[in-house]
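Here are my notes for a first look at this structure. Please read them with the model open beside you.

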2 protein chains.
Amino acid sequence: MKDLAGIGSPKDGGIWRLAFTDADLEARTFVEGCLRETGAEIRIDPLGNLFGIVETGRPGPVVMSGSHTDTVADGGRFDGSLGVMAAIEAADAISSGKGCGTFIAVDFVNEEGVRFMPDMMGSLFFTGRLEIGEVRSIRDAAGTSIGEELNRLGYAGTDSMSDLRPDFFIELHIEQGPILETTDHTIGVVTGVQGLKWFEITCSGTSNHAGTTPMQNRRDAVRAASRLMDHLHQLPDEMDGVRLTVGSVHARPNLINVIAERCVFTVDVRHPNPEVLSDAERHIRARVRAAEAESGCDISIRALADAEPVEFDRRVVEAVARTADESGFPARRMISGAGHDAQILNSVCPSGMIFIPSRGGISHSPDEFSTDDDLVAGANVLLGSILALMDG
Amino acid sequence: MKDLAGIGSPKDGGIWRLAFTDADLEARTFVEGCLRETGAEIRIDPLGNLFGIVETGRPGPVVMSGSHTDTVADGGRFDGSLGVMAAIEAADAISSGKGCGTFIAVDFVNEEGVRFMPDMMGSLFFTGRLEIGEVRSIRDAAGTSIGEELNRLGYAGTDSMSDLRPDFFIELHIEQGPILETTDHTIGVVTGVQGLKWFEITCSGTSNHAGTTPMQNRRDAVRAASRLMDHLHQLPDEMDGVRLTVGSVHARPNLINVIAERCVFTVDVRHPNPEVLSDAERHIRARVRAAEAESGCDISIRALADAEPVEFDRRVVEAVARTADESGFPARRMISGAGHDAQILNSVCPSGMIFIPSRGGISHSPDEFSTDDDLVAGANVLLGSILALMDG
């Protein structure tokens with residue numbers, strides 16, 4: 001973990017390993033070396049997803065585990081890396097004689113989607129939801145394509161995984177939220193990933209002089225937007241478990257003494273239950289319509305993203321719960337608030353996740369931190385769960 | 001008016017005559033030519049304020065009138081220009097034998113303050129509230145100083161006005177608001193300029209993941225800011241005549257799926273009565289404190305500007321009211337919502353203003369419009385008022 005954290009860490013604690021950069025390749029080469037040491041067979045697919053395959057020689061299922069080693073800009077040392085390093089340790093243990101069937105450790109490409117969209121690109125490609133030609137032509141803000149970077153870095157391989165599809169997938173990750181820490185649990189048994197909807201709401205009014213325009217003559221886009229934002233922020237009080245965030249606000253012309261003609265803001269709303277999430281969307285749309293009628297501004301709403309909630313496979317969830325229980329770690333069932341590769345894998349095989357506490361719920365930051373004890377506990381529960389799945 | 005509107009009008013209807021640019025100088029040279037035709041003596045001071053002096057040869061006071069010919073970016077053809085062109089017409093009439101004492105038409109420099117701050121710079125310099133050295137060293141965003149532009153353009157003169165101080169000042173301007181149009185009046189008898197206070201309010205919370213952070217664990221700067229903005233917008237409902245505008249909003253990091261750690265917005269609040277304005281400030285500060293206690297975010301408030309309300313001189317106000325009445329124009333007494341050179345002049349001599357209707361209250365825009373009839377009415381009431389003041 002410590003060696004990996006040194007890669008792409010130019011100055012202080014923050015890690016800069018954006019996908020398809022030199023630092024990203026360096027980290028993957030490091031992971032490849034670790035995997036080779038376990039005796040695993042290495043395969044790299046045409047997008048650069050990295051696999052380490054351990055055949056036990058005993059009949060049994062194909063179990064895959066891993067995560068990603070790319071980071072956001074100025075990210076932390078645990079997000080993604082923990083799941084990859086723990087999978088390498090599992091490969092080492094299985095290589096030494098444990099388990100039945102086949103184990104595959106994986107380091108997926110570009111989970112973060114910072115420089116090149118979409119996120120979870122490696123698992124989307126692995127599960128057949130993205131084509132290689134399509135992915136190679138995706139460009140960053142500077143106009144460089146993924147294909148160009150793959151060629152420049154010598155990053156991609158030519159190996160296929162078509163002969164070896166996983167029967168189960170399991171991923172260890174830091175929580176990125178404060179629940180485990182707050183409730184004093186060591187292990188999160190992740191039962192699913194909450195669904196997400198993104199909206200862009202545009203309030204359009206009339207730009208005018210802040211000094212000369214009487215209040216009753218105004219169509220003030222910021223006034224309409226702030227009232228609507230305040231109303232929307234009350235939705236989680238009324239709908240249990242709904243998380244709602246207005247993260248981005250843009251006013252125009254955005255001048256101190258000019259009534260804004262436009263105010264655009266985003267809404268991120270999440271819930272584990274698809275019906276509650278659809279209900280939340282209906283409430284949001286109703287509030288938009290009411291705000292339009294009340295404010296005198298034109299208010300429009302546009303859907304930007306819609307990710308269905310994911311429910312993880314009962315067998316994987318139970319394997320994790322039993323393992324944590326048998327190891328004596330205080331565990332709780334929980335939903336993942338964030339998106340992970342495991343939710344993509346769940347579309348092709350029974351999948352699940354294990355969380356460990358992250359201090360203060362901080363992630364995507366140099367301040368991201370989990371204790372050594374929790375890291376070890378997570379790796380042990382991961383190995384135990386993998387073996388439980390391999391051994392049926 | 002039409003010839004002047006052609007200067008700094010590169011493509012469509014919008015006028016670009018930012019102070020201390022080639023287009024600004026071209027407009028002033030045009031004004032200087034018009035003034036020379038009236039037989040006025042031309043003086044240009046070291047900042048470029050342009051004066052046309054008409055001595056009647058008969059004993060009487062010194063009456064000054066005018067406005068400015070600089071515009072905002074993509075501005076209208078009437079703001080400022082009307083007051084200058086009407087003063088030239090008055091100079092012409094007085095030159096032809098009307099009035100007693102001395103008349104001075106003036107075209108003040110940089111009233112808008114778009115490229116170089118502060119606004120109303122020419123009148124501030126003329127009234128001794130800015131020093132020439134200080135003003136010449138003011139720089140625009142690109143680092144060019146006013147002194148450099150004055151030298152490059154050959155814009156400034158060397159004339160002094162110290163021997164000729166006005167006893168009265170009067171300015172004709174478009175209303176820049178909808179009141180005259182809405183109430184069907186041709187002439188606004190301006191009794192004063194409302195006071196103004198500007199604040200910057202900073203809400204500081206904690207940046208975090210929009211998906212993983214439970215609602216009760218959040219310190220969401222946008223949530224705190226939107227609620228506070230909504231509360232502040234209700235102030236004008238409770239305090240008669242208060243105008244309050246949140247024109248500018250900035251969130252950070254301003255990403256759709258990240259809880260904002262900071263949200264900074266501005267408040268522009270205005271009222272003609274200094275006590276009401278101070279009361280409004282107390283209310284704003286109390287609401288900020290309440291919002292801080294309620295939201296869990298740190299919320300700070302910083303004063304950015306504080307302009308006292310101005311009450312115009314009774315003699316000038318009465319001269320305008322009487323003239324409008326005698327001319328048969330429907331007139332109403334009103335407060336100016338915007339700032340003008342006349343409020344600066346009021347600190348050194350009795351001053352006043354005349355408004356004419358502006359369609360829809362639109363100003364600082366290519367859509368700014370006043371009818372020919374109203375322009376002529378305004379110019380006539382200006383001349384009548386000037387003569388009333390000159391003739392005592």
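1. Start where the chains meet. In this predicted model, 18 residue pairs are in polar contact across the interface of chain A and chain B, both residues having pLDDT 80 or more. Several elements of chain A each give at least two residues to the side that touches chain B. Among them are helix H7 (179–183), helix H8 (221–233), strand E9 (243–245) and strand E12 (262–271). H8(A) gives the largest share, seven residues.

2. Charged pairs come next. The count between chain A and chain B is two salt bridges. In one salt bridge, the side chain of Asp230(A) meets that of Arg227(B), at 2.9 Å from N to O.

3. How many residues does the contact take from each chain? It takes 55 residues from chain A and 55 residues from chain B. Together the chains bury about 4,100 Å². Carbon and sulfur atoms account for 55% of that area. Three residues, Thr212(A), Arg243(A) and Ile256(A), supply 15% of what chain A buries against chain B.

4. Now the symmetry. Chain A superposes on chain B by a rotation of 180°, with 0.1 Å of shift along the axis and an RMSD of 0.2 Å. The two copies are therefore related as by a two-fold rotation axis. In chain A, Ser226(A) has the C-alpha nearest the axis, 2.4 Å from it.

5. Turn to helix H11 of chain A, residues 314–327. Its 14 residues should span 20 Å at 1.5 Å a residue. The end C-alpha atoms are 20 Å apart, so the two values agree.

6. Check both ends of this helix. After the helix comes Gly328(A), with a positive phi near 80°.

7. What is buried along H11(A)? The buried residues are Val316(A), Val317(A), Ala319(A), Val320(A), Ala321(A), Thr323(A) and Ala324(A). An α-helix has 3.6 residues a turn, so residues three or four places apart point the same way. The cover over the buried residues of H11(A) includes strands E5 (168–174), E6 (187–193), E15 (331–336) and E16 (351–356) of chain A. Helix H13 (372–390) of chain A is also part of that cover.

Technical notes:
Residues numbered from 1 in each chain as written. Chains lettered and ligands numbered in written order. Predicted model: local features only at pLDDT ≥ 70, side-chain atom pairs only at ≥ 80, totals over all residues. Heavy atoms only, no water. Least-squares fit on C-alpha atoms with pLDDT ≥ 70 in both. Helix = DSSP H or I, 4+ residues; strand = E, 2+ residues; numbered from the N terminus. Expected span 1.5 Å × (residues − 1). Buried < 20%, exposed > 50% of the residue type's maximum accessible area, 1.4 Å probe, protein only. Contact = heavy atoms within 4.5 Å. Buried area = accessible area lost by both parts, 1.4 Å probe. Salt bridge = Lys/Arg side-chain N within 4 Å of Asp/Glu carboxyl O. Polar contact = N/O pair within 3.5 Å; in protein donor to acceptor, adjacent residues only side chain to side chain.
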